[in-house]
Amino acid sequence: MEENSKQDASMVVVIPMRGGSKRLPGKHLKTLGGRTLIEWTSACVSDAKLNCPVLLTTNSEELAEAGKKVGWTVPTLRPAQLAQDHTSSVDPVLHIVD
C-alpha cells in the first residue's frame with residue numbers, strides 16, 4: 001500500500017490471515033501468476049484507493065514479516081486461541097481492532 005500522510009482515520013482495513021493451512025500449507029506465500037496471496041491482496045487494497053491503514057491479524061511471524069513488506073501494520077501476533085481451524089474471522093478482527 002502506498003504511504004500517504006493524509007490517510008482516512010475514520011476507516012481501517014483488517015486482513016485476517018492465519019498460518020497453518022492444512023489443505024494447502026504456506027498458501028499465503030505461494031506464488032500464483034507472479035504474486036503471492038499477500039501481494040494480490042495488497043494490490044486489491046491499493047486498487048480500491050481507500051487511503052486508510054491496513055492491519056494484518058495473523059498468528060505467524062513469517063506472514064507478519066511478509067505483511068510488513070507490503071506496508072501493512074502488524075501490531076501483535078494473534079493468540080493461539082484465536083488461530084484455530086474453526087475460529088471465525090470476527091474474533092481475530094475484534095482482537096486486533098481492540
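1. In this note, Ala, Val, Leu, Ile, Met, Phe, Trp, Tyr, Cys and Pro count as nonpolar, Asp, Glu, Lys and Arg count as charged, and the others, Gly among them, count as polar. On that basis, the lining of the largest pocket divides into three nonpolar, seven polar and six charged residues. The structure under discussion is a predicted model.

2. Rolling a probe the size of a water molecule over the atoms shows where empty space is left. The largest pocket has a volume of about 300 Å³. Its lining is made up of 16 residues, and those nearest the pocket centre are R18, S21, K27, Q84 and D85.

3. The overall fold comes next. The protein contains four strands and three helices. Read from the N terminus, the order of these elements is β-β-β-α-β-α-α. The radius of gyration is 13 Å, close to the 13 Å that the globule rule gives for 98 residues, so the protein is as compact as a globular protein of that length. Along the principal axes, the C-alpha atoms fill a box of roughly 40 × 35 × 20 Å.

4. How much of the protein counts as buried? The share is 32% of the 98 residues. The protein exposes about 6400 Å², of which carbon and sulfur atoms supply 53%. Among contacts with a separation of 6 or more, 61% are between residues 24 or more positions apart.

5. The loop between α1 (37–47) and β4 (54–57) holds K49, and N51 is found in that loop as well.

6. Is K49 buried or exposed? K49 counts as exposed because its relative accessibility is 69%, and the cut-off for that class is over 50%. N51, at 31% relative accessibility, counts as partly exposed.

7. Helix α2 covers residues 61–69 and includes E65; K69 lies in helix α2 too. With a relative accessibility of 44%, E65 counts as partly exposed, whereas K69 counts as exposed at 74%.

8. Two C-alpha separations place these helix residues relative to other parts of the chain. E65 and D91 are 26 residues apart along the chain, and their C-alpha atoms are separated by 22 Å. K69 and D47 are 22 residues apart in sequence, with a C-alpha to C-alpha distance of 18 Å.

9. N59 lies in the loop between β4 and α2. Its relative accessible area is 28%, and N59 is therefore partly exposed, since that class runs between 20% and 50%. Which residues does N59 touch, not counting those up to four places away in sequence? They are M17, R18, G19, L77, R78 and A83. One of these, R18, is also among the residues nearest the centre of the largest pocket. The C-alpha atoms of N59 and W72, which are 13 residues apart along the chain, are separated by 15 Å.

Key: Residues numbered from 1 in each chain as written. Predicted model: local features only at pLDDT ≥ 70, side-chain atom pairs only at ≥ 80, totals over all residues. Heavy atoms only, no water. 1 Å grid on protein atoms, 1.4 Å probe; cavity = no way out; pocket = protein on both sides within 12 Å on 5 of 7 lines; lining within 4 Å. Points joined across faces, edges and corners; volume = space filled by probe spheres on them. Rg over C-alpha atoms; globule rule 2.2 N^0.38 Å. Buried < 20%, exposed > 50% of the residue type's maximum accessible area, 1.4 Å probe, protein only. Contact = heavy atoms within 4.5 Å. Areas by Shrake-Rupley, 256 points an atom, 1.4 Å probe, with all protein chains shown as cover.
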